[in-house]
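Me: I am new to this structure and would like to know how its labels were reached. Please take me through a few of them.

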Amino acid sequence: MAAPSLLHWRRVSSSTGPVPRARHGHRAVAIRELMIIFGGGNEGIADELHVYNTVTNQWFLPAVRGDIPPGCAAHGFVCDGTRILVFGGMVEYGRYSNELYELQASRWLWKKVKPHPPPSGLPPCPRLGHSFSLYGNKCYLFGGLANESEDSNNNVPRYLNDFYELELQHGSGVVGWSIPVTKGLVPSPRESHTAVIYCRKGSGSPQMFVFGGMCGARLDDLWQLDIETMSWSKPETKGTVPLPRSLHTASVIGNKMYIFGGWVPHKGENTETSPHDCEWRCTSSFSYLNLDTAEWATLVPDSQEDKKNSRPRPRAGHCAVAIGTRLYFWSGRDGYKKALNSQVCCKDLWYLDTEKPLAPSQVQLIKATTSSFHVKWDEVPTVEGYLLQLSTDLPYQAAAADSSAAPNTPGGRAEPHRQGSNSILPHGISDTVNSAKTEHTAGKGISVRNKPDFKAADLNAILHSPLASNASNHNSCVADTLRKNEGPHTSANVGVPSSCLDLRTVIPESSVSGTVSSAHALIAQQTIKTESSSTNGAVVKDETSLTALSAKAEVDETCALPATKISRVEMHATAVPFSKETPSNPVATVKVGERQWCDVGIFKNNTALVSQFYLLPKGKQSTSKVENADVPDYSLLKKQDLVPGTGYRFRVAAINGCGIGPFSKVSEFKTCIPGFPGAPSAVRISKNVEGIHLSWEPPTSPSGNILEYSAYLAIRTAQIQDNPSQLVFMRIYCGLKTSCVVTAGQLANAHIDYTSRPAIVFRISAKNEKGYGPATQVRWLQGNNKKAPLN
């Protein structure tokens with residue numbers, strides 16, 4: 001974690017959509033990149049459900065339906081996948097609730113649920129200010145405040161320390177309440193405390209930590225419950241314990257519990273001699289407890305003033321959610337003076353990065369030309385930019401299965417055997433560098449939201465530079481492609497990249513891989529209808545059906561050709577091998593071991609058009625601060641163009657408020673050699689009575705007349721069993737047509753590739769006067785079972 005002086009708070013500005021009115025006593029949870037807020041109040045209790053998309057910087061009001069709960073404040077609010085549970089809270093002054101509601105966020109559908117009462121004892125009484133924590137399929141309810149009076153106008157507070165367990169049904173619904181028998185001394189009664197559940201890596205025993213709260217005076221005690229043994233204890237801690245407080249927030253990221261804000265005793269007040277606060281005072285202090293070592297650390301002390309408005313002002317009754325390693329804070333009230341009987345609510349949204357971002361995925365190639373690469377990588381959640389680097393010292397060597405079959409000339413290809421010869425060709429991983437790799441699946445299509453730019457003010461000067469501006473896909477190709485420069489049957493010309501694989505007619509440009517990251521995409525599946533436009537397309541994928549979706553083996557009848565059933569196309573990236581040669585290029589900005597790296601630039605989003613890179617003169621250290629990290633001042637550096645027929649290594653690192661994170665694994669690509677055809681594009685697969693129909697379109701850059709195409713099928717052999725990374729291909733077509741039929745007999749011999757998701761692998765390449773160009777590799781998804789193709 002950064003030192004206190006390096007905390008980099010950001011206030012979110014210029015958001016779009018209907019911003020909720022300021023409030024306190026509300027609650028929030030996160031579903032992927034969405035922050036979902038419910039309840040709270042200020043001059044009346046709010047009953048709307050508000051959603052903030054942290055990626056698009058957009059607020060919206062989803063069109064909810066079903067058993068919509070009344071507005072409430074200081075309620076329990078937990079999230080289980082895409083299901084949210086609301087329990088209790090204050091529904092009007094002096095009147096509290098013990099009702100339970102469930103929201104299926106995948107459909108924005110509310111449902112009132114009625115759990116069975118405990119086998120012995122009464123169900124929880126109406127309350128507010130309780131904690132409601134989720135672990136596994138159970139929610140844990142502790143404490144809160146009840147009204148002893150039956151007359152809601154006559155509020156007689158009773159602090160609680162009862163403890164309940166609520167068992168959930170899988171997916172939807174609940175079983176019932178139970179009252180666990182606990183051991184040890186139970187925490188004293190309290191309300192407006194916090195409770196989190198943490199399971200230390202390797203220990204396997206979840207622990208619930210309860211901190212602070214109110215019972216007539218603010219509390220600063222820490223309690224621990226072992227959920228497996230149901231044993232309460234008071235752990236001994238090190239470091240400075242935060243001030244006694246209530247209405248604060250506690251959020252777990254990694255092994256740390258972050259405590260922010262809340263009501264604290266008035267300055268100079270002695271809580272021992274004055275048990276009831278004369279004046280309530282909010283704080284902006286910020287601390288964390290290391291849950292592994294039980295050590296407190298203060299990041300922002302209570303007395304620290306902020307005259308520059310560079311962090312949130314003091315508040316209580318706010319909400320906080322963790323999305324990735326980033327903490328978001330919204331609203332809350334900034335104080336309450338009994339004498340004036342007034343309060344002021346904040347209407348600001350802040351976030352804070354708590355750790356450097358994780359390493360992105362390997363850089364993937366969308367399109368290569370003789371002098372440029374269009375590349376992408378998987379998004380990393382809650383980052384503000386990416387640093388892309390390349391290395392120019394790549395000796396590009398072909399690991400040929402049959403190198404003697406090809407002329408020893410740049411771009412040389414051996415003449416393929418004619419159709420009917422059933423030539424069998426081994427292709428190892430090293431033979432498949434930079435070929436287009438596409439996936440066709442028989443499941444239903446997955447629609448994914450577009451991702452507008454997320455503004456990063458401090459990066460604008462660099463992010464908007466001509467070289468670093470985002471490369472737009474337009475309609476040229478789909479993201480998540482990795483080129484492998486491979487001819488149909490020999491590796492003598494490994495490394496000649498293809499042109500872009502054009503899948504416009506099959507899958508929308510904004511779509512992503514079918515292997516969906518839980519933090520990266522909001523998914524709409526076939527059983528979930530897209531809601532009205534007021535949701536802005538943010539329909540959440542129900543986690544429970546993700547497995548079933550990826551295992552389907554039916555053809556999709558979507559969007560490609562009206563007369564045929566077209567399988568959905570997906571894109572996948574593949575790890576590529578690195579040369580073991582010693583690098584020798586001396587010009588670089590960063591040196592790692594014997595390899596030297598040059599900056600391509602800093603990019604806002606996860607795509608880049610690379611035609612140049614920056615050179616840093618030896619010994620010169622022209623750097624400027626960007627996101628707490630030293631990066632070169634690009635305005636002072638020279639640029640160098642990419643060279644045709646040259647190999648380049650790429651790596652990328654993400655940037656957030658804590659600095660630049662670790663770099664990705666290295667990928668390697670080669671710029672095109674002029675004259676050879678690109679790879680075939682717009683590949684389609686559909687079933688017919690004979691087997692399947694495989695079709696494609698000519699390369700976008702044929703570089704002359706196309707003389708013929710060859711299509712290949714990966715087949716089962718003992719060689720693959722001994723070395724699964726080395727596929728063996730049999731040619732199934734050679735000719736001028738841009739389609740062929742793959743018979744059921746040929747498919748019966750197909751190898752099912754399980755390296756990612758089960759798939760049959762095809763390769764298609766084109767030949768002009770100069771020879772065969774790179775192949776397009778297509779993976780036709782078969783579901784998660786080991787059935788024969790076409791089942």
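Me: What share of the contacts in the chain with a separation of 6 or more comes from residues 24 or more positions apart?
Reply: In this predicted model, such residues account for 69% of those contacts. The chain has four helices and 56 strands, and 57% of its 791 residues count as buried.

Me: Why is the pair of Phe 142 and Trp 232 called tilted?
Reply: The ring centres are 5.6 Å apart, and a pair needs centres within 6.5 Å. Phe 142 is in strand β12 and Trp 232 in strand β18, 90 residues apart.

Me: What makes Phe 142 count as buried?
Reply: Buried means under 20% relative accessible area. Phe 142 has 0%, so the label applies. Trp 232, at 6%, also counts as buried.

Me: Why is the pair of Tyr 164 and Trp 177 called edge-to-face?
Reply: Their centres lie 5.9 Å apart and their planes are at 75°. That angle is over 60, so the pair is edge-to-face. Tyr 164 belongs to strand β13 and Trp 177 to strand β14. Both residues are buried.

Notes
Residues numbered from 1 in each chain as written. Predicted model: local features only at pLDDT ≥ 70, side-chain atom pairs only at ≥ 80, totals over all residues. Heavy atoms only, no water. Helix = DSSP H or I, 4+ residues; strand = E, 2+ residues; numbered from the N terminus. Buried < 20%, exposed > 50% of the residue type's maximum accessible area, 1.4 Å probe, protein only. Contact = heavy atoms within 4.5 Å. Phe/Tyr/Trp six-rings, centres within 6.5 Å; stacked < 30°, edge-to-face > 60°.
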